[in-house]
Amino acid sequence: MIDYEPPTALPRDLLNDAEMLVALEAHDFGTVFRLARKRAGVSYSKIASECDIKPERVGTLARGRGRISSFDKIVRIADALRLPGHTVGLAPRPWEVEGGQCLLEGPSAQNGDQVRRRTFVGNASITSLAVAVPKLTERDTPRRIDTPAVEALRERAARLRRLDDVLGGADTYRVYLGEYQHTKSLLRTATCAEAAERGLLSVLAEQAQQAGWAAFDAGWGPDAVSLYKESHAAAKEAGDRNLAGNALAFIAYQAIADDRSGAVQIAARSCDTISTSTPSGVQALFHERRAWACAVAGLKHETETALASAYTALDEATSGEQQPDWAAWVDRTELDIMSGRCWTELRRPLRAVPVLEDALSRYDDAHARDKALYMSWLAAAYLTAGEVEQAGVVTARALDLAAGVASVRPKQRLAPVLAQLRQHRDVATVRGALERAGA
């Protein structure tokens, strides 16, 4: 691999081009292929041959249709085009290092140590954090994995999950995908006992869900679905019923936009994984996701039943009960917010507004993306109730919170609210909100 120079290897100046770097970070390989042909004269047929992709598929990707998220395929593309591993969330490739020295000396390689020193130092801004976190994926690959090593990986996943509290999916996707790819590589190359292998599969399922969530938050739906499905398969192979159920809950949440009845069925399957040993927070999470699917589908009775089950699960939690980190965020405040969202979808503002107002008063502004999203439902509930002035106030506040967040969801959620508010431009608070939105 190191001695072979593929005919598709891209020149260094193109690899350091701003448009190319953006495309690589987003895993937008269609743009990468298009730039390779336009700027380096590499034909699509050569790319297809070296990357083991059908020629017509290369052309389709270059026209902006479809995405590539498979770990194996990303590795193949990186090696064929000589893309430095860090540019696509991989560890350094074998051909990058010779005698301990990096063969590529672009801006990212030159500034790597400086970037690492900035990571999590002092009161670093969110922007610098977003720049620094991709370096976290650059690690050695051990030859043997034992149970303590698996637990260390799980703890690492828990720490990195905190990034989602303050950053949007477009900032975190590459980080989470890199973690998933690293663990998948361990499963392929490292040796481990049966128990450690099951644990590693469980970690992989957890990481795939986090990467899928980031893709969903960034607006990359197909990538999210692919990762959720891979998570479900890994969780089942690991024998982890809770993570398998959570993968189904994620798939249901994603499916709501296109297939409401199908989403309800998948959410029900998620709840079917609940057993007597399922932690209360996990039970509440599955039931609230089912409630949401039912509410969007207009199923009032089923929504009430699912919400009641979620509250019961939390109320019956035993003292000191351990919750998996991926479900630790589910508490009474989050469940109240989900309840308010459901009642908003069911056009019951008298039930939605009080619970949302109360819950959001307890919700920290530091979670800007989520609070902006939740406030969009409060604004919608006020509109349904005919309280236009208050809807304008809440919408303006949501827009302020969402500014600069690397997530498509607040904008998507606020779009229909703003469309309704345009009918009331004569109201001062509405006019202020519309001005903030540039509408």
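What you're looking at is a predicted model, where local features need pLDDT of at least 70, side-chain atom pairs count only at pLDDT 80 or more, and totals for chains, interfaces and linings use all residues. Residues are numbered from 1 along each chain as its sequence is written, and side-chain values use heavy atoms, with hydrogens and water left out.

Let's start with helix H19, residues 332–345. Helices here are DSSP runs of H or I with at least four residues, numbered from the N terminus. At the N-terminal end sits a cap: a side-chain oxygen of Asp 331 lies 3.2 Å from the backbone nitrogen of Thr 333. Just past H19, Arg 347 takes a positive phi of about 60°.

H19 is mostly covered, with 12 of its 14 residues buried (under 20% relative accessible area, using a 1.4 Å probe and protein chains only). Among them are Leu 335, Ile 337, Met 338 and Trp 343. The cover includes helices H15, H17, H18, H20 and H21.

Now for H17, residues 280–296. Since 15 of its 17 residues are buried, H17 is largely enclosed by the rest of the structure. Just after H17, Gly 298 has a positive phi of about 80°.

Finally, look at Ser 185 in helix H12, residues 169–189. Ser 185 counts as buried because its relative accessibility is 18%. Leaving aside residues up to four places away in sequence, Ser 185 touches Phe 71 and Ala 190 (contact means heavy atoms within 4.5 Å).

Key
Helix = DSSP H or I, 4+ residues; strand = E, 2+ residues; numbered from the N terminus. Buried < 20%, exposed > 50% of the residue type's maximum accessible area, 1.4 Å probe, protein only. Expected span 1.5 Å × (residues − 1). Polar contact = N/O pair within 3.5 Å; in protein donor to acceptor, adjacent residues only side chain to side chain.
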